[in-house]
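Welcome, and please have a look at the model below.

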Amino acid sequence: MHGTWMASLIAGHGHGGGGSGIIGSGIIGVAPQARVLSIRVITDQQDPGYAKYQHEPQGRVQNELARAIAYAVAHGAGVVSMSLGYGRPSRAVRAALQDAFNHGVVVVASSGNLGGSASARRHAPYSFPADYPGVLGVAAIGQNGASAGFSSDNLSVQVAAPGVQVPAQGRDGRYWLVSGTSPACALTAGVVALIRSKYPALAPPLVRRALTTTASNPPKGGYDDQVGFGTVNAEAALVAAGRLAANVGLTSQRPPKRGVP
């Protein structure tokens with residue numbers, strides 16, 4: 001169910017209703033023409049293996065994430081979106097991410113939902129993979145534009161996106177209102193997919209730069225650990241990506257066969 005929600009936010013293309021809302025037209029994702037490669041690495045509560053999964057050693061669980069990243073890279077992914085997080089790092093995941101970066105893949109991850117529980121300590125624990133170098137960590141904001149109370153506040157946060165009661169597609173044609181840094185991550189990954197569709201050769205650091213330098217509503221001082229550099233602005237990020245591509249001698253081109261796992 002969680003993966004379906006996230007995929008709909010990235011690449012949902014509705015069902016021909018032609019309207020701008022949910023009813024009649026379905027969920028319209030940020031990048032509705034993106035090709036999605038869905039790789040399961042966590043379980044839903046309704047899954048038969050959920051109880052067993054909850055008792056798996058974290059090392060084994062993270063090794064599965066590393067395998068998934070490697071699979072995505074090997075199958076031509078241009079963007080990797082990870083709406084998940086772990087409390088400590090993994091050498092296997094770090095190595096898989098480095099291989100992704102070496103292949104020009106842009107990696108986006110949610111920053112975690114421990115903001116409220118860590119409020120007494122002022123800073124939530126770091127969340128991996130969001131905190132690995134090169135990964136774009138995403139926090140959640142509410143409809144008022146402020147950081148969501150549950151959104152983790154730490155230095156892995158680089159940008160923020162809507163994460164409170166976001167409409168998403170669920171099972172059996174039903175719609176859900178989803179909250180968390182997970183939907184914020186998926187929406188940001190959709191913006192990355194838009195950039196890569198137009199400038200597929202733009203290097204991951206420049207894609208991240210396009211998002212962070214154009215973010216809306218930047219906090220006082222230009223950065224903080226709640227919303228990073230501000231809220232992702234899709235239109236401005238695309239314009240900035242065009243300038244960066246021109247600066248390094250790239251031109252808009254048809255995208256290769258790459259997806260958004």
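## Pockets and helices

The second largest pocket of this predicted model has a volume of about 520 Å³. Its lining is made of 26 residues, and those closest to the centre are Gly3, Ser38, Ile39, Arg40 and Ser81. Helix 1, helix 3 and strand 1 are the elements that give two or more residues to this lining. Helix 1 provides the largest share, six residues.

The largest pocket holds about 610 Å³ of space. It is lined by 23 residues, of which Ile42, Thr43, Gln45, Tyr50 and Gln54 are the closest to its centre. At least two lining residues come from each of helix 1 (2-11), helix 2, helix 3 and helix 5 (181-198).

| Pocket | Volume | Lining residues by class |
|---|---|---|
| Largest pocket | about 610 Å³ | ten nonpolar, eleven polar, two charged |
| Second largest pocket | about 520 Å³ | 18 nonpolar, six polar, two charged |

Now to helix 3, which contributes to the lining of the largest pocket and to that of the second largest pocket. Helix 3 covers residues 58-74, and its 17 residues reach 24 Å from the first C-alpha to the last, close to the 24 Å expected at 1.5 Å a residue. Which residues of helix 3 are buried? They are Val61, Gln62, Leu65, Ala66, Ala68, Ile69, Ala72 and Val73. Looking down the axis of helix 3, these buried residues fall within an arc of 160°, so they line one face of the helix.

The face of helix 3 turned away from the buried side carries the exposed residues Arg60, Arg67 and Ala74. Among the elements covering the buried residues of helix 3 are helix 2 (50-54), strand 1 (79-82) and helix 4 (91-102). After helix 3 comes Gly76, with a positive phi near 85°.

Helix 4 can be read in a similar way. Its twelve residues should span 16 Å at 1.5 Å a residue, and its end C-alpha atoms are 17 Å apart, which agrees. Val93, Ala96, Leu97, Ala100 and Phe101 are the buried residues of helix 4. They fall within an arc of 145° as seen down the axis of helix 4, so they line one face of the helix. Arg91 and Asn102 are exposed, on the face turned away from the buried side of helix 4. The cover over the buried residues of helix 4 includes helix 3, strand 1 and strand 2 (106-110).

Finally, two single residues. Trp5 is part of helix 1. Is Trp5 buried or exposed? Its relative accessibility is 15%, so Trp5 counts as buried. Leaving aside residues up to four places away in sequence, Trp5 touches Ala168, Gln169, Gly170, Trp176 and Val178. Trp5 and Pro183 are 178 residues apart in sequence, yet their C-alpha atoms are 7.9 Å apart in space.

Ser182 has its place in helix 5. With 11% relative accessibility, Ser182 counts as buried, because the cut-off for that class is under 20%. Not counting residues up to four places away in sequence, Ser182 touches His2, Met6, Ser83 and Ser110.

Notes. Residues are numbered from 1 along each chain as its sequence is written. This is a predicted model: local features need pLDDT of at least 70, side-chain atom pairs count only at pLDDT 80 or more; totals for chains, interfaces and linings use all residues. Side-chain values use heavy atoms; hydrogens and water are left out. Helices (H or I, at least four residues) and strands (E, at least two) are DSSP runs, numbered from the N terminus. The expected span of a helix is 1.5 Å times one less than its number of residues. Buried means under 20% relative accessible area, exposed over 50%, partly exposed in between (1.4 Å probe, protein chains only). The arc is that of the directions from the helix axis to the C-beta atoms. Contact means heavy atoms within 4.5 Å. On a 1 Å grid over the protein atoms alone, a cavity is a set of points where a 1.4 Å probe fits but cannot get out, and a pocket is an open set with protein on both sides within 12 Å along at least five of seven lines; lining residues have an atom within 4 Å of a point. Grid points are joined across faces, edges and corners, and a volume is the space filled by probe spheres set on the points. Ala, Val, Leu, Ile, Met, Phe, Trp, Tyr, Cys and Pro count as nonpolar, Asp, Glu, Lys and Arg as charged, and the others, Gly among them, as polar.
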